[in-house]
Amino acid sequence: MKNFAGQRVLIADGNGSIRALLARVFKLSGVLVDEASCSQEALGLLGNPCKQYALAIIDLRLPGLGGREISETLRRDRPSVSVLMLDSTGEERLDGRECLAKPFALAALKARISSLSQGRLLAAS
């Protein structure tokens, strides 16, 4: 998580408990966090030119459009944003994006975030 310290992360999940837990973990690592409970909120935040996101954590079953559609919007409009999809199917990758199955252990979350962070560093070099 510290790899994203000082950067902005969007957590988009319909489950308030999961959003709050993830937000707390990231904030403790010095990450700026925005939260969305539905696709409309997520798209509003992502469309704000004043907010530059390094990472978006999106529930596949996010109320409204759903996580897959938001992921496609990011791929098209903000390709530099890393995306981690949350779902309950157990898939490791979905549409070329990293996935983490719910429920998840904090260690699994940290491993996926670290993997995404390393990918960003490689892409930047």
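These questions and answers walk through a predicted model of one chain.

The model counts local features at pLDDT of at least 70 and side-chain atom pairs only at pLDDT 80 or more, while totals for chains, interfaces and linings use all residues. Residues are numbered from 1 along each chain as its sequence is written, and side-chain values use heavy atoms, leaving out hydrogens and water.

Reader: What pattern does the chain follow along the sequence?
Author: Let's start with the pieces: helices (H or I, at least four residues) and strands (E, at least two) are DSSP runs, numbered from the N terminus. The chain has four helices and six strands. Read along the sequence, they give β-α-β-α-β-α-β-β-β-α.

Reader: Is Asp 13 buried or exposed?
Author: First find Asp 13 in the loop between strand 1 (8-12) and helix 1 (16-28). Buried means under 20% relative accessible area, exposed over 50%, and partly exposed in between (1.4 Å probe, protein chains only). Asp 13 has a relative accessible area of 0%, so Asp 13 is buried.

Reader: Which side chain is joined to that of Asp 13 by a polar contact?
Author: A polar contact is a pair of N or O atoms within 3.5 Å; within protein, one must be able to donate a hydrogen and the other to accept it, and residues adjacent in sequence count only if both atoms are side-chain atoms. Here the contact is 2.8 Å, and the partner of Asp 13 is Lys 102.

Reader: Which residue does a cis peptide bond join to Lys 102?
Author: Look in the loop between strand 6 (97-101) and helix 4 (106-124), where Pro 103 lies. The cis bond has an omega of about -10°, and it joins Lys 102 to Pro 103.
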